[in-house]
Amino acid sequence: MVLNVRKKQIEAVERMLHFHAQPGSQGRLSAGGGLGSNGQTTPEEEAYKVLILDAFTKDLLAPLLKVSELRRHGVTMHLQLHQDRQPIADAPAIYFVQATAENIQRIVADGAQGLYDVLHLNFVHSISRQLMEQLAGGLVKTDAAQRIAKVHDMYLSFSTLEAGLFCLNLPEAYRHINEPTASEAQIEAVISDVVDGLFSTLASQSIVPIIRCPKAGAAQHLRSHDHILVLFDRNFELSVMLQHPWTYKPLVHDVLGLALNKVTVEAPEPAGAASTVLKPPPKRQTFEVGEADFFWEASGAKPFPDVVTDLDQSIAKYKQAIEDLNRRTGADVDPNADPNELMQANTRGLMSAVASLPELTERKRTIDKHTAMLTKLLDCIKNRGLDKLYSLEDSAIQGKCDLPGILSVIQGSKGTSADKLRLAIIYILTVDQLPGQADADRMQQLLEAAGADLSAWTYALRMRRMNLMGRSQGVAPVASSSASSLEGLGGFGSVSGWADKAFGQGLSSITKGVKTLLGGEQLTAVTLALDTIMEGRALPENDPFMTFDPKAAPGRAGRGSGPAREAIVFMIGGGNYIEYDSLQAWAQRSQPAKSIVYGSTDLPTGEIFVKQLADLGRLTPR
């Protein structure tokens, strides 16, 4: 079995949109439509079905189903629960919301006002007894109980971004969990949300786990046959959250702010545009990426220069396809050909050309999208010196710290104050021995001069001195299957053309500093830990993990610890695309290949995460 959290979640949502009828069920559902005996949407369903969402479920559905797909499932309108809504006669309403007191109150009000004839209530996770009593009491009091068709606990309180990637949409989870002034009730509320999300994930995959938890720390390992759920506390390895990436998906996430599979960039100014004092605000374009995007799927895990090359090749293939299309529909007529055969051949060619137009149009749209994204990334690489930042940070993580180079970048003109702060904190977290007081003071002075918020710096330094953070020790590169380099990027053709228009110079001057960085892949600390766990290797006598098997009788040993092929890795306190890519690359390279799903409480960018460290620094007693 290959774990695919996205597929399972989509299937559950689609069942909900059809009132939980199974495809192929006999007869129609009451309450305004459903599935016919052939499993197809009935006319009533196509005409009248309303989907009601709250803010959480709106974000949950955003990466799963487009508006056109909702309509295909009979949803003619989707509305926000807490917005003013007009009554829709003879329309069943499907509610997909969180089970909160505020939401229950609004649902009761909807029933009392008779906004919809029938209400199908679907809660993201289980509704508590107290809230169920509030719902029932409110409906009875307002004489609206007869409007409720069914109530379902969906257990879907997580967002899936890819087949092997999900998050719980719990922003600033790291700060909430580590905040020194947080009350026990606040901590328990965060943990409760994490438990709901993880239980939903396990339930969607039908996994009953064995639990392995450390004698000290916050990592847990849940196992069921060949399935493992591995939970890590973010402090297990902190530096990866601050690292500047160099592969495409992590770059789009960290630099362009990818969220819920959508990214917004400013459209580049037209070449030769007049420079005026009163310029109109730049136009912003929002793009969607995901499994339907051929380029994103094929090149998302590749180093940035390889992605540029892939785009150049995609442009060339598209141009060749257009030329072929023009040839097939051209008027190159042989005067000696039989007229009937000529007519048939031309008709077949025209029909083939027409059939290929939608695919070519979508391919062109995808190419234009990634051209805009790569153009913006190139701009940021140039202006912020991201290549140099990546080089220094990668060397530090590999145990080859270049302190003079780090100080030079912090003192230099390129990079934002947050960029420089991230570099400095990575140095603190990865260096074998903390710097002397003189070097520490020098770095702090340079950060202050660069405008950095020193709260995050002092927090990381204090935690490192207390040995409360994990470090990236022993994380070594693995030889890549294809040794990439930047040699020969000068002859880009069309890609270098738009790069030159954007910067007035070629790509080589921007990316030449990272030629030596692309000979291998980074294995994160999480990947190394998972490798040991899944392979069932012998642990030392002072094994830090305890094992609990729910299926074992009390006092008896649990199931064996042989190799496993599927795993869900979950990071409490935030994750990122660097760890996700590292796990996927390792899984695909393993023999036999493994199926890995990666999840986290949230997916903050490096800049957002460093702000959480700063907040903790201001709250932590000195």
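Reader: Is A99 buried or exposed?

Author: This is a predicted model. Buried means under 20% relative accessible area. A99 has 11%, so A99 is buried.

Reader: Which residues is A99 in contact with, leaving aside neighbours within four places in sequence?

Author: Skipping those neighbours, A99 has contacts with F123, S126, I127 and L131. Another way to read the fold is by C-alpha separation. A99 and D153 are 54 residues apart along the chain, yet their C-alpha atoms are separated by 9.3 Å.

Reader: Where is the place of H125, and is H125 buried or exposed?

Author: Apply the two steps again. H125 is in the loop between β4 (118-123) and α6 (129-141). The relative accessible area of H125 is 15%, so H125 is buried.

Reader: Which residues does H125 touch, not counting residues up to four places away in sequence?

Author: With those residues set aside, H125 touches D153, Y155, S157 and D196.

Reader: Now D602. What is the nearest side chain of opposite charge?

Author: For a salt bridge, the charged atoms must lie within 4 Å. For D602 the nearest side chain of opposite charge is R234, 8.4 Å away. D602 is buried and has no salt bridge.

Reader: What does the side chain of D602 reach?

Author: Look at backbone atoms too. The D602 side chain reaches the backbone nitrogen of E172 at 3.3 Å. D602 itself lies in the loop between β17 (595-600) and α22 (606-619). Beyond four places in sequence, D602 touches residues including C167, P171, E172, G574 and Q612.

Technical notes: Residues numbered from 1 in each chain as written. Predicted model: local features only at pLDDT ≥ 70, side-chain atom pairs only at ≥ 80, totals over all residues. Heavy atoms only, no water. Helix = DSSP H or I, 4+ residues; strand = E, 2+ residues; numbered from the N terminus. Buried < 20%, exposed > 50% of the residue type's maximum accessible area, 1.4 Å probe, protein only. Lys, Arg positive; Asp, Glu negative; His and termini not counted. Polar contact = N/O pair within 3.5 Å; in protein donor to acceptor, adjacent residues only side chain to side chain. Contact = heavy atoms within 4.5 Å.
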